[in-house]
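Here is a short briefing on one protein chain. Look at the sequence and the 3D view, then read the points in order.

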Amino acid sequence: MNLGLVTWVLDHLIRRKIDVRVRVHRASLLRGVPHGATAASSTITTTTSLTGMEAELVDHVMHRAREGTLDENLEAYFINVWNASPVRSVGVTHVWIATVPETPVLTRQPPPLLEPDAQWETWIELDRLPSGLTDVEHLARVKLTNDAIVESVPREDVPVAGYVPG
């Protein structure tokens, strides 16, 4: 067996393969959860140090988040960039919504490199998008450092509450 051929195949088929997925979903952006509370899927867990009023406030905030409304009326589309490449890191240079003219997404700066199997997420508030825009889940674009442009798809597997990755 030719070891050089095996090395070449591995290098060109596995290590150089870029598999980046861009997934978009609409959700609410919570600016924070009161101290002592943690969000887990569809329930809220509070510690015993919270007063009755604090626990009620946490329940109210999480209920509003599950309904898709914001604590500060900030509804947004979340753009998740997932490097599904098995061994190759990728760089993200630009994120935008494909409108005319393009709508840049400048909420968070992308990391210099996105490691294999790592995720990074940003968002754009609805009021920054042109009115009447539909199908935003298919309009997000991400440009990589190799000049490839990845188009988005709707994200279906979103927990009820959580943190923005990356």
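R23 lies in strand β1; strands are DSSP runs of E with at least two residues, and helices are runs of H or I with at least four, numbered from the N terminus. The model is predicted, so local features need pLDDT of at least 70, side-chain atom pairs count only at pLDDT 80 or more, and totals for chains, interfaces and linings use all residues. Residues are numbered from 1 along each chain as its sequence is written, and side-chain values use heavy atoms, with hydrogens and water left out.

**R23 and its surroundings**

- R23 counts as buried because its relative accessibility is 12%. Buried means under 20% relative accessible area, exposed means over 50%, and partly exposed lies in between (1.4 Å probe, protein chains only).
- Leaving out residues up to four places away in sequence, R23 touches F78, I79, N80, W82, Q119, V153, R155 and D157. Contact means heavy atoms within 4.5 Å.
- On the β4 side, R23 stands opposite N80.
- On the β9 side, the bridge partner of R23 is V153.

**The strands beside β1**

- Strand β1 covers residues 20–28 and strand β4 covers residues 75–83. The two run antiparallel and are joined by nine bridges. Two strands pair if DSSP finds at least two bridges between them.
- One of these links sets S28 against E75 in β4.
- Strand β9 (residues 149–154) pairs with β1 in the parallel sense, over three bridges.
- β4 is mostly covered, with eight of its nine residues buried.
- β4 also joins β7 through seven bridges, and these two run antiparallel.
- Y77 has I124 as its bridge partner in β7.

**The whole sheet**

- Strands of a sheet pair through backbone hydrogen bonds, either parallel or antiparallel.
- Here seven strands form an open sheet with mixed pairing, in the order β6-β5-β8-β9-β1-β4-β7.
- The edge strands are β6 (103–104) and β7 (119–125), and each pairs on one side only.
- Strand β5 (residues 92–97) meets β6 in the antiparallel sense, over two bridges.
- W96 has P104 as its bridge partner in β6.

- T103 is found in strand β6.
- Is T103 buried or exposed? T103 is buried, because its relative accessible area is 8%.
- Its side chain makes a polar contact of 2.7 Å with the side chain of T99.
- Leaving out residues up to four places away in sequence, T103 touches W96, I97, I124, R128, L129 and P130.

**The chain overall**

- The protein chain has two helices and nine strands.
- Read along the sequence, the pattern is α-β-β-β-α-β-β-β-β-β-β.
- Of the 166 residues in the protein chain, 34% are buried.
- Take contacts between residues at least 6 apart in sequence: 71% of them join residues at least 24 apart.
- The protein chain exposes about 10100 Å², and carbon and sulfur atoms supply 54% of it. Accessible areas come from the Shrake-Rupley method with a 1.4 Å probe; for residues, only the protein chains shown count as cover.

Technical notes:
Polar contact = N/O pair within 3.5 Å; in protein donor to acceptor, adjacent residues only side chain to side chain.
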